Amino acid sequence: MPQQHLDTIPIWEAYHEDSECPLCAMEERCESQFLDTALGGALMEPDTRIMTNQAGFCAQHLRMLYGRENRLGFALTLHTHLKDYMESLGKQTEALEKELQSEQKKNALAKGAAGISKSDPFFRRLDAAISHMEERSGSCYICGRIDKTMDRYVETVLYMYRKDPEFKKAFLASRGVCMRHYPLLLRGAKAHLHGETRLQFVHDLMELQQKNLKRMEEELEWFTLKFDYRNQAKPWGNSKDAVERTIKKLQGNVFSEEGKK
Ligand SMILES: [Zn+2]
Ligand SMILES: [Zn+2]
């Protein structure tokens with residue numbers, strides 16, 4: 001296994017937190033770090049600047065960057081990204097305009113026929129411009145880096161499960177993971193584990209997840225039953241924050257940045 005995969009510290013830290021999903025804790029930490037990097041503005045490494053310029057940010061991460069209240073850093077990052085976007089868009093619109101004009105020069109009959117054939121140069125250009133915009137709006141520097149980092153973390157979790165009995169114990173005693181990270185671990189097992197270890201891990205994970213979903217369901221049910229006057233005097237147990245934790249179990253920590261504001 002390559003050296004960079006042996007960074008077990010963030011994984012141990014997350015497993016010591018006792019949350020509904022240690023992978024969410026890891027994700028939150030690297031997300032926060034990448035948000036800081038993206039706000040580095042003028043101090044940003046040229047390579048990073050090229051990446052933020054090209055990839056831009058998704059709606060959620062734009063909101064988070066805005067929420068960090070580093071207006072100058074954010075403005076500098078946005079400015080060079082916007083210029084990059086305008087430059088590539090400029091090439092697209094220029095080419096589209098050219099085809100559009102040659103379409104306009106056609107006689108009335110040919111103009112009327114425009115659009116009938118999908119191989120029409122104007123329509124091909126229009127499609128290219130649409131795809132270009134959709135592609136650019138669909139990419140995000142933060143999401144991209146998180147995905148790569150999480151893949152590496154998953155690989156390390158599996159490595160530790162395989163090699164470190166202490167970690168395996170902590171893994172099996174954990175509350176499982178959220179439903180967003182469950183398939184990520186299974187996909188990781190498919191790619192990085194083999195033979196008997198893979199079978200054992202998939203079995204362990206399914207059992208762990210099943211057990212913890214059942215626990216979550218019971219905690220949530222008790223939350224609803226507490227609204228019955230006959231249960232008013234009975235103790236809450238673990239159910240007081242069952243709604244918040246069920247949300248986390250289903251979709252990860254959707255409250256992460258809101259909590260910091
Ligand atoms: Zn998660
Ligand atoms: Zn994003």
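This is a predicted model: local features need pLDDT of at least 70, side-chain atom pairs count only at pLDDT 80 or more; totals for chains, interfaces and linings use all residues.
Y161 is a residue of helix 8. Leaving aside neighbours within four places in sequence, Y161 is in contact with F167, K168, F171 and F201. A further spatial relation concerns L172: this residue and Y161 are eleven residues apart in sequence, and their C-alpha atoms are 9.5 Å apart in space.

## Helix 8

The buried residues of helix 8 are Y141, I142, Y153, V154, T156, V157, L158, M160 and Y161.

T156 also belongs to helix 8. T156 is buried, because 22 other C-beta atoms lie within 10 Å, against a threshold of 20 or more. Between T156 and R175, which are 19 residues apart along the chain, the C-alpha separation is 19 Å.

## The nonpolar cores

The largest nonpolar core has 20 residues, of which I11, L23, M26, Y153, V157, L158 and Y161 touch the most other members. Two or more residues of this core come from each of helix 1 (9-16), helix 2 (22-38), helix 8 (141-163) and helix 10 (182-192). Helix 8 provides the largest share, six residues. Both domain 1 (3-142) and domain 2 (157-260) give residues to this core, so the core lies between the two domains.

## Domain arrangement

Which domains does the assignment give for the chain? It gives domain 1, covering residues 3-142, and domain 2, covering residues 157-260. The C-alpha centres of domain 1 and domain 2 are separated by 33 Å. Twelve residues from domain 1 and 16 residues from domain 2 take part in the contact.

On the side of domain 1 that touches domain 2, helix 1, helix 2 and helix 4 (59-67) each supply at least two residues. The largest share of that side, four residues, is contributed by helix 2. Sorted by class, the side of domain 1 that touches domain 2 comprises seven nonpolar, three polar and two charged residues.

## Helix 3

Helix 3 covers residues 46-55, and its buried residues are R49, T52 and A55. Viewed down the helix axis, the buried residues of helix 3 fall within an arc of 150°, and therefore line one face of the helix. P46 and D47 are exposed on the other side of helix 3.

Against which elements do the buried residues of helix 3 pack? Their packing partners are helix 2, helix 5 (71-105) and helix 8. After helix 3 comes G56, which has a positive phi, near 65°.

## Positive phi values in two loops

D18 has a phi near 60°, a positive value in a residue other than glycine. The loop between helix 1 and helix 2 contains D18. Is D18 buried or exposed? D18 is exposed, because 12 other C-beta atoms lie within 10 Å and the limit for exposure is 12 or fewer.

E69 likewise has a positive phi in a residue other than glycine, with a value near 55°. E69 is located in the loop between helix 4 and helix 5. E69 is exposed, because 10 other C-beta atoms lie within 10 Å, where exposure requires 12 or fewer.

Notes:
Residues are numbered from 1 along each chain as its sequence is written. Chains are lettered from A and ligands numbered from 1 in the order in which they are written. A nonpolar core is a set of buried Ala, Val, Leu, Ile, Met, Phe, Trp, Tyr and Cys residues joined through C-beta atoms within 7 Å. Domain bounds come from an automatic or database domain assignment. Two residues are in contact if their C-beta atoms, placed from the backbone, lie within 7 Å. Ala, Val, Leu, Ile, Met, Phe, Trp, Tyr, Cys and Pro count as nonpolar, Asp, Glu, Lys and Arg as charged, and the others, Gly among them, as polar. The arc is that of the directions from the helix axis to the C-beta atoms.
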